[in-house]
Amino acid sequence: RPESSRQVEEREVTFTRPTLNDSQRRAVVRALAAKDCFCVLGPPGSGKSTVVAELVCQLVRPPLSQKVLLVTPSNIAADSVVEKLAGGSGVRLVRVGHFARILPSVQPLTLAYQVERSEGADLVRDIKKDLGKALQAIQKL
């Protein structure tokens, strides 16, 4: 990030989640001000996913307008953040991972699901079918 974006104060941040408590707000502000990295630690249920979701929202909105790659140590952690972001945050996202290990509520956000239902999906299926037929015909020669 540019040097000027590191000087962040809470009064300058417009939070997207009104339910954030003071500790969560401070964590978001400190993460935005961090020079290199920021670690969010806490026991289960302490709001880590909520903090990360808010941080993602802050990073992708103007003036920062960053692209974010979110990596988690578990599928459930990723799904927890994705569920929070999918709930009307306006963040465009794609969940990548093994389909069987992703919560059903998040599966529509997977790359495979989105590609399968994209505008060009029917065309791609038709082309694959035609290629398969052509390959079979060539193999018979």
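**Asp 79 and the overall fold of the predicted chain**

Asp 79 is found in helix H3, which covers residues 75-86; helices (H or I, at least four residues) and strands (E, at least two) are DSSP runs numbered from the N terminus. The model is predicted, so local features need pLDDT of at least 70 and side-chain atom pairs count only at pLDDT 80 or more, whereas totals for chains, interfaces and linings use all residues. Residues are numbered from 1 along each chain as its sequence is written, and side-chain values use heavy atoms, with hydrogens and water left out.

Asp 79 counts as buried because its relative accessibility is 1%, where buried means under 20% relative accessible area, exposed over 50% and partly exposed in between (1.4 Å probe, protein chains only). Leaving aside residues up to four places away in sequence, Asp 79 touches Arg 95, Arg 101, Ile 102, Leu 103 and Val 106, a contact being heavy atoms within 4.5 Å.

The protein chain as a whole has 5 helices and 0 strands, and its elements run α-α-α-α-α from the N terminus on. Of its 141 residues, 28% count as buried. Among contacts between residues at least 6 apart in sequence, 49% join residues at least 24 apart.

The radius of gyration, taken over C-alpha atoms, is 21 Å for the protein chain, while a compact globule of 141 residues would have a value near 14 Å under the rule of 2.2 Å times the number of residues to the power 0.38. Along its principal axes, the C-alpha trace spans about 70 × 35 × 25 Å.
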